[in-house]
Amino acid sequence: MIPGRSKIAALAAVGRVLARELAATAALLVGVSLTVFAILALAPGDPVAALLGGNLPAGAERDAVYEALNIPKTWYGQYLSWVGNLLHGDFGNSLRTGQPVAQEIVASGLRTLFLTVGALFVTLAVAVPIAVYGALRPDSRRVAVLTMAVYVVSALPVFWLGYIVIFVFSRQFGIFPILSASGGEGQMVWLYALLPLLLLGLASGTLSEAVRHLREEVARVLNEEYVRTARAKGASVWRHAYKEALVLPVAEIVASKIPFVLGGAIIVEQVFNWPGLGRLAWQAAQDRDFPVIMGIAMAAALVVRLASFAHRAVYVAVNPRASHE
Amino acid sequence: MTTRYSQAQERVSEYSQLSAWSTARRADRWRVLYGAAVAVLVLVSYALGALHWLPRDPEAMDLQAMLLGPIEQGYLLGTDFMGRDILTRLILGIQAYFLPGLLSIAIALTLGALLGVLAGYRGGRAEMGVTYLSNLVDSMPRLVLMLLVIAAFKPGIYTIMAVVGLTTAPTVATLVKGKVLMLKARNFIESAVALGVPPRAIVFRHILWYNCRTLLLIQATLGMAEAVLIETSLSYLGFGVQEPTPSWGNMVQAGANYLLQGNLWVSSAPALAILATVLGFHLLGDGLNNMFEGGQRR
């Protein structure tokens, strides 16, 4: 066998798997858009009637109104025109502010992305050492105490803990611009950015699951025969184990926990007045601002699906055998 | 000879019945004990609230006794900013999530078990469908979906919890599917088929009842924890249960301003109730999972 050739074949196999994943991602996004559209299409009240102050004429005049506003009459026509606009980056205008939704979502989405990614880093920075230590010393008392602490922290209601943190920092240390929407003038603005991130990373309920999953995986891999062989011949155990025991589970946790962290961000943003997607979604639900909430749902689903796709890519890259399945 | 053999077998099966508790790690026993205690306490408090056997009137305001701490002036857990008894309102707060939570669990387990068995037993398209549904549900943060539903319908807490149940069903289905695939490879299903046991009996009795009930019970306890979290979060955000009806979520929210002024207790009492309850149901679920399902991923 010529080595170069097998490499090309392997790459082709990887490409095939990724193409399949991409197709699955697209199918899921279509499903999400249909769900979102169906929920709002079933909502009581006709938006066109609302636009005309509640008195929508019937019959032919009604059709004329739709025609004048350039709105398709059938549900699938409306769905297709909505999706078509989405693909052009046109998310419609907010019913409340009249501003284009896409701009608002990008602006606040970046702030939420910062919060989410930072929180995931915090979760992993805490979870990985505890999980590895726990896998190496399953019966130690210190591990039992740490595990319990992780459980308790994960069950704390984020909204209450947020107020406690604000109280402690503003009242006791006097260094925190309480509930100022956009950073505030005071010093320690970096702290203002850091606290919500720490809170979301520690207390959004993802920590205990991350520790559990990582510890199980590390313990499982350390018992595998190839690791025992490595240990027996005096090779570095971690150099052989880190891919399967750490890289894969971490990628999986990041991908599978992003929806939860995004959900937790809604509450943390509410507590800290963080002007992100969560507050936008809250406001939109309050005002029944359909274009905004639809756009947010689609943006969130896009982020989740892309993260999942990235996870599959990492999986196939680390474990080329997977591409033959 | 045969009798002794069957006696021995009986004894083995007896031990294997006992073994889940007797071979469990001590940590898991404590988890289950604490979780069961929390579950019983929630159930009893729910019943007390439903029968209106309450320590005090939940709406009665005592303007002479506002913002009291625990055990002040005879109020066991103090009073809130309107002088209402916190203990009474905590007990009543269980009404906000208990029945809606049971509804969501019932929907998730029934639908999930049916879909899971269908996917695992039939395979093929049913399996693909369940995988797709489960990925679809995972694609949207649950709270975003809730806000979407709230924007569309302005629903009550029962409708919200029904949606929670619907979105949990694919997760349960995936777990049941995995279990059925594992069971299908074992001999007793094959023997049952060979003996002419009707498929309905195989599926409902041998698969779901004998082999999936602990899994479903575990999912039910985790579902209750989730119901508490969702209800309190939404009530905190102002979309769930509204004042003056007490919910642990709106109690935290209403007390937050006083908390920032330094009166920690009003807001913390319901928060600690949330903590103890969610922790209890999580520990119960995980402890049972370690005992009966060998600690597999849930």
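Two residues are taken to be in contact if their C-beta atoms, placed from the backbone, lie within 7 Å. The legends describe a predicted model, in which local features need pLDDT of at least 70 and side-chain atom pairs count only at pLDDT 80 or more, while totals for chains, interfaces and linings use all residues. Residues are numbered from 1 along each chain as its sequence is written, and chains are lettered from A and ligands numbered from 1 in the order in which they are written.

**View 1. Helices H5 and H12 of chain A.** In this view A:Glu104, A:Ile105, A:Ser108, A:Gly109 and A:Thr112 of H5(A) meet A:Leu277, A:Gly278 and A:Leu280 of H12(A), where helices (H or I, at least four residues) and strands (E, at least two) are DSSP runs, numbered from the N terminus. The residues of this contact comprise three nonpolar, four polar and one charged; Ala, Val, Leu, Ile, Met, Phe, Trp, Tyr, Cys and Pro count as nonpolar, Asp, Glu, Lys and Arg as charged, and the others, Gly among them, as polar. H5(A), which covers residues 101-136, packs against H12(A) at an angle of about 130°, with the two axes 7 Å apart. H5(A) is therefore oblique to H12(A), given that angles under 35 degrees count as roughly parallel, over 145 as roughly antiparallel, 65 to 115 as roughly perpendicular and the rest as oblique. The axes are lines fitted to C-alpha atoms, for helices over the stretch in contact, and angles run from 0 to 180 degrees between N-to-C directions.

**View 2. The two domains of chain A.** Chain A, which has 13 helices and zero strands, is assigned a domain 1 (14-87) and a domain 2 (106-324), with bounds that come from an automatic or database domain assignment. Between them, 14 residues of domain 1 of chain A are in contact with 13 residues of domain 2 of chain A. On the side of domain 1 of chain A that touches domain 2 of chain A, H1(A) gives the most, with twelve residues, and the residues of that side are eleven nonpolar, two polar and one charged.

**View 3. Where chain A meets chain B.** The contact draws 40 residues from chain A and 37 residues from chain B. Helices that each supply at least two residues to the side of chain A that touches chain B include H1 (3-41), H6 (141-155) and H11 (237-272) of chain A, while H13(A) gives the most to that side, with eight residues. By class, the side of chain A that touches chain B holds 33 nonpolar, four polar and three charged residues.

**View 4. The two domains of chain B.** Domain 1 of chain B (1-95 + 243-298) and domain 2 of chain B (97-241) have C-alpha centres that lie 24 Å apart. In their contact, 23 residues of domain 1 of chain B meet 20 residues of domain 2 of chain B. The largest share of the side of domain 1 of chain B that touches domain 2 of chain B comes from H10(B), with ten residues, and that side has ten nonpolar, eleven polar and two charged residues.

**View 5. The surroundings of B:Leu208.** B:Leu208, in helix H8 (residues 199-237) of chain B, counts as buried because it has 20 C-beta neighbours inside 10 Å. A residue is buried if 20 or more other C-beta atoms lie within 10 Å of its own, exposed if 12 or fewer, and partly exposed in between, with C-beta atoms placed from the backbone. Leaving aside neighbours within four places in sequence, B:Leu208 is in contact with B:Ala113, B:Val117 and B:Val203.
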